[in-house]
Amino acid sequence: MKAIKERRSIREFTTEAVSEKDLVTLVEAAIWAPSGKNNQPWRFVILTDKKVRSHIADLTLYRHIVANCNSLIVVFLDTEAIYDEVKDHQSAGAAIQNILLAAESLGLGAVWLGQILKNKHDVNVELGVSARYDLMAVIAVGYPAHRNQKSHRKNVHDFILKKIGG
């Protein structure tokens, strides 16, 4: 609950590079997400190359975030591994959430970028990834420039439609 409640979308990063070990740890956290029939349909690109990152940045309205982080984890679904489209898209969301929570636990910051999906074909081309892989998100990862982001949630009871049973 600590990582869940303290996690924030980090959009400003220091210049300190994230280690390859930590980036692989984030992907490892992702692959432990649940998936229907344990089909594990996710695939990832770890991107630290500045030039390629700049090209990816040009494909989103959030260019400043992508251009100013040191690392991206690009999340795809392998369309040949999909057995149920809804469940597999849900499992991609679970994998992404695991990355965000693992980043928090490692003292890193991350933000889930979805607007770039409008240019998913161009992302695949830029990364040299087959159209077989369907872009789900780009996650910017780095060391937070600050941790002054605020968030609040409504009371949990505002979300429970009803309680049935004891």
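Which strands and helices do the buried residues of H3 pack against? In this predicted model, they pack against strand S1 (42–47), helix H4 (63–68), strand S2 (71–78) and helix H6 (120–127). Helix H3 itself runs over residues 50–57, and its buried residues are Arg53, Ile56 and Ala57. They sit on the same side of H3, because they cover an arc of only 105° around the axis. The start of H3 has a detail of its own, with a side-chain oxygen of Asp49 coming to within 3.1 Å of the backbone nitrogen of Lys51.

Strand S2, one of the partners of H3, is also where Asp78 is found. Is Asp78 buried or exposed? Asp78 counts as buried, since its relative accessibility is 2% and the cut-off for buried is under 20%. Around Asp78, leaving aside residues up to four places away in sequence, the contacts are Pro41, Arg43, Arg132 and Tyr133.

Next comes helix H2, which spans residues 20–31 and includes Leu26. With a relative accessible area of 0%, Leu26 is buried. Its list of contacts, again not counting residues up to four places away in sequence, is made up of Ile73, Ile99, Ala102, Ala103, Leu106, Leu108 and Val141. One of these, Val141, is 115 residues from Leu26 in sequence, yet the two C-alpha atoms are 9.7 Å apart in space.

Glu16 makes a handy contrast. Its place is in the loop between helix H1 (2–6) and H2, and with a relative accessible area of 46% it is partly exposed. Which residues does Glu16 touch, not counting those up to four places away in sequence? The answer is Asn70 and Tyr143. As for Ala110, it lies 94 residues from Glu16 along the sequence and 14 Å from it in space, C-alpha to C-alpha.

That leaves the empty space. Rolling a probe the size of a water molecule over the atoms shows where such space is left. How many cavities of 30 Å³ or more does the structure hold? There is one, and the largest cavity contains about 40 Å³ of space. Its lining is formed by Arg7, Arg8, Ile10, Leu100, Ala103, Glu104, Leu108, Gly109, Ala110 and Arg147. Two of these names have come up already as contacts of Leu26, namely Ala103 and Leu108. Helix H5 (85–105) and strand S3 (109–113) each supply at least two of the lining residues, and H5 gives the largest share, three residues.

The largest pocket, for its part, has a volume of about 180 Å³. Lining this pocket are Met1, Ile4, Lys5, Arg7, Arg8, Gln97, Ser151, His152 and Arg153.

Notes
Residues are numbered from 1 along each chain as its sequence is written. This is a predicted model: local features need pLDDT of at least 70, side-chain atom pairs count only at pLDDT 80 or more; totals for chains, interfaces and linings use all residues. Side-chain values use heavy atoms; hydrogens and water are left out. On a 1 Å grid over the protein atoms alone, a cavity is a set of points where a 1.4 Å probe fits but cannot get out, and a pocket is an open set with protein on both sides within 12 Å along at least five of seven lines; lining residues have an atom within 4 Å of a point. Grid points are joined across faces, edges and corners, and a volume is the space filled by probe spheres set on the points. Buried means under 20% relative accessible area, exposed over 50%, partly exposed in between (1.4 Å probe, protein chains only). Helices (H or I, at least four residues) and strands (E, at least two) are DSSP runs, numbered from the N terminus. The arc is that of the directions from the helix axis to the C-beta atoms. Contact means heavy atoms within 4.5 Å. A polar contact is a pair of N or O atoms within 3.5 Å; within protein, one must be able to donate a hydrogen and the other to accept it, and residues adjacent in sequence count only if both atoms are side-chain atoms.
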